[in-house]
Amino acid sequence: MYAPDRDQDLRWMQRALDLATLCPPAAGAYSVGAVIVGEDGTELATGYSREADSHEHAEESALAKLPADDERLADATLYSTLEPCSQRRSPRTPCAQRILEAGIPRVVIAWREPSLFVTNCVGIEQLVAAGVVVVELPELATPARLVNDHLFGDC
């Protein structure tokens with residue numbers, strides 16, 4: 001499993017934050033960036049919310065760029081600027097479930113999902129219960145929230 005040091009985690013999360021800025025703002029959805037990094041420290045795939053369609057989540061976008069049976073996922077780390085969703089308003093599979101189905105053993109987040117659209121997101125709890133290592137980078141929660149100012153009336 002790819003287990004970088006904190007500086008590397010911060011660098012990859014900055015890449016995810018940069019991707020989040022590419023999201024078309026939407027009144028009913030977060031702007032999120034995601035990066036999947038292989039065991040050797042190489043970028044395998046990236047994604048951001050609404051990259052291909054108005055309901056697409058960042059993790060969903062990144063995972064869609066790799067074959068479902070890609071063996072590299074078994075040792076990869078997924079970086080997401082927001083806690084992977086545990087439920088969705090659309091009929092699509094939640095991101096926490098997608099991560100589990102892909103077999104990714106390590107997830108790094110910057111910001112836990114607030115109760116703006118879904119009360120009590122439990123994406124982290126679902127991942128941890130399934131044995132996934134989850135790392136939070138609370139020092140990057142503010143930048144992850146700032147890219148979502150359109151949702152909080154701060155602009």
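Me: Buried means under 20% relative accessible area, exposed means over 50%, and partly exposed lies in between (1.4 Å probe, protein chains only). Why is A45 called buried?

Reply: The relative accessibility of A45 is 5%, which is under the 20% limit, so A45 counts as buried. This is a predicted model, in which local features need pLDDT of at least 70 and side-chain atom pairs count only at pLDDT 80 or more, while totals for chains, interfaces and linings use all residues. Residues are numbered from 1 along each chain as its sequence is written, and side-chain values use heavy atoms, with hydrogens and water left out.

Me: Where is A45 found, and which residues does A45 touch?

Reply: A45 is found in strand 2. Strands (E, at least two residues) and helices (H or I, at least four) are DSSP runs, numbered from the N terminus. Contact means heavy atoms within 4.5 Å. Not counting residues up to four places away in sequence, A45 touches A34, V35, I36, A62, K65 and L66. The C-alpha atoms of A45 and A102 are separated by 13 Å, and these two residues are 57 apart along the chain.

Me: What makes G47 count as buried?

Reply: G47 has a relative accessible area of 0%, so the value falls under 20% and G47 is buried. G47 also belongs to strand 2, which covers residues 43–48. Beyond the neighbours within four places in sequence, the contacts of G47 are L19, V32, G33, A34, A58, S61, A62 and K65.

Me: What is the phi of R50, and is R50 buried or exposed?

Reply: The phi of R50 is positive, about 65°, although R50 is not a glycine. R50 has a relative accessible area of 10%, under 20%, so R50 is buried. R50 is in the loop between strand 2 and helix 2.

Me: Which residues of helix 3 are buried, and how do you know on which side they lie?

Reply: In helix 3 (residues 95–102), the buried residues are C95, A96, I99 and A102. They cover an arc of only 125° around the axis, which puts them on the same side of helix 3; the arc is that of the directions from the helix axis to the C-beta atoms. An α-helix has 3.6 residues a turn, so residues three or four places apart point the same way. The cover over the buried residues of helix 3 includes helix 2 (58–64), strand 3 (77–80), strand 4 (106–109) and helix 4 (123–129). G103 follows helix 3 and has a positive phi, near 80°.

Me: What makes the radius of gyration of the protein agree with that of a compact globule?

Reply: The rule for a globule is 2.2 Å times the number of residues to the power 0.38, with the radius taken over C-alpha atoms. For 155 residues a compact globule would have a radius near 15 Å; the protein has 14 Å, which agrees. The C-alpha atoms fill a box of roughly 40 × 35 × 30 Å along the principal axes. Of the 155 residues, 50% count as buried.

Me: How many helices and strands does the protein have?

Reply: There are 6 helices and 5 strands. From the N terminus on, the elements run α-β-β-α-β-α-β-α-β-α-α. Among contacts between residues at least 6 apart in sequence, 72% join residues at least 24 apart.
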